[in-house]
Amino acid sequence: MKYFLKLTALSAAILVLTGCGSIISRTFPGQGHGNQYYPGVQWDVRDGPWRVLTILDLPLSLVMDTLLLPVDANHGPYE
């Protein structure tokens, strides 16, 4: 039973963090760092104290940024 709860908590955390860099770089001013394409990936590979966690988010941000390429083409750089 404890294993199931741990697995459920881990799965929920992964789903909540899906594409986190992509969302942050598009919604919070100044987090896009002027990148028009793949701002979530650029946000994930920046230097910072949470770099280990953002590297875990990198593949998910890559998928999310790829899906949002048409939006990025019309939007322009995220400032």
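Among the elements of the protein chain, mean pLDDT (the predictor's confidence in each residue, from 0 to 100) is lowest in helix H2, residues 20-27, at 80. The highest value, 86, belongs to helix H5, residues 69-75. Helices here are DSSP runs of H or I with at least four residues, numbered from the N terminus. The protein chain averages a pLDDT of 81, and 92% of the residues score at least 70. The model is predicted: local features need pLDDT of at least 70, side-chain atom pairs count only at pLDDT 80 or more, and totals for chains, interfaces and linings use all residues. Residues are numbered from 1 along each chain as its sequence is written, and side-chain values use heavy atoms, with hydrogens and water left out.

Two salt bridges were found. Such a bridge requires a side-chain nitrogen of Lys or Arg within 4 Å of a carboxyl oxygen of Asp or Glu. Arg 26 bonds in this way to Asp 65, with the closest N and O atoms 2.7 Å apart. Arg 26 lies in helix H2 and Asp 65 in helix H4 (residues 51-67), so the pair ties together parts 39 residues apart in sequence. Arg 26 also forms a salt bridge with Asp 72, again with closest N and O atoms 2.7 Å apart. Asp 72 lies in helix H5, so this pair ties together parts 46 residues apart in sequence.

Arg 46 lies over the face of Trp 43, at 3.8 Å from the ring centre. The rule asks for NZ of Lys or CZ of Arg within 6 Å of the ring centre and within 35 degrees of the ring normal.

Key
Helices (H or I, at least four residues) and strands (E, at least two) are DSSP runs, numbered from the N terminus.
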